[in-house]
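Work through the exercises below with the coordinates open. Each task is followed by a solution in steps.

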Amino acid sequence: GKYVELQDAYKSINEALFQAATYNNRRLKLVSIHSEKVNDDNVESLLKDMDGVIVAPGFGQRGIEGKFSALKWCREHDKPTFGICLGMQLMCSHSEEGDVDCLDIFHVPVKRFIPSVEGHEKVPHMGWNTLEQTRSPLFKGFDAEEYVYFVHSYYVPVNEATAAVTRYVHPFSAALQQGNFFATQFHPEKS
């Protein structure tokens, strides 16, 4: 992530990971890497010994190149990878946010929410939703009545990599999975 120097910036993600490790009787060694310090020249030395990589949420341009470098390396080395929010969007083919090409791990574009004609929905979408059509090990033991938290203005349409669906303005991908690549548009650390 790009806020690793701020002690509490990823506190909820870190706590969620430690809880998941404990629940699954695993030991977690968490290494935080500042995305502004990652580039194509040093990414292998930073990630080669990791069992998996999480691309943390964020916004804006700062640190994006490092996240791209990390994701490209993970794709080339089939490293288990989990993207949250912006991390998921960077794994798609193209984003309407900034009109940029992304990594095309998931062969689907990222689109901007257009509120309905009635205008009941506000953009950005901020709030709690339930999930439908969950089909991934990410949701093992997940109850259909549980809520997850979203904050975003862009979405990924439902596609063959969709691992969970939710509705806001229309149905969209709440999670994606393809091979060793997992991603959520919602924030699991808050959910």
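**Exercise 1.** Decide whether Phe-113 is buried or exposed in this predicted model.

Solution. The relative accessibility of Phe-113 is 1%. Buried means under 20%, so Phe-113 counts as buried.

**Exercise 2.** Classify the ring pair of Phe-113 and Tyr-168, and state which parts of the chain the pair ties together.

Solution. Step one: the search of the whole structure gives 9 aromatic pairs. Step two: for Phe-113 and Tyr-168, the ring centres are 5.6 Å apart and the planes stand at 80 degrees. Planes over 60 degrees apart count as edge-to-face, so this pair is edge-to-face. Step three: Phe-113 is in the loop between strands S5 (109-112) and S6 (125-130), while Tyr-168 belongs to strand S9, so the pair ties together parts 55 residues apart in sequence. Step four: Tyr-168 has a relative accessible area of 17% and is therefore buried.

**Exercise 3.** In which order do the strands of the open sheet lie, and which strands stand at its edges?

Solution. The order is S1-S2-S11-S10-S9, with mixed pairing. Strands S1 (53-55) and S9 (162-168) each have a single partner strand, so they stand at the edges. Within the sheet, S2 and S11 run parallel and are joined by 4 bridges; Ile-84 has Thr-184 in S11 as its bridge partner.

Terms used. Residues numbered from 1 in each chain as written. Predicted model: local features only at pLDDT ≥ 70, side-chain atom pairs only at ≥ 80, totals over all residues. Heavy atoms only, no water. Pairing = 2+ DSSP bridges. Helix = DSSP H or I, 4+ residues; strand = E, 2+ residues; numbered from the N terminus. Phe/Tyr/Trp six-rings, centres within 6.5 Å; stacked < 30°, edge-to-face > 60°. Buried < 20%, exposed > 50% of the residue type's maximum accessible area, 1.4 Å probe, protein only.
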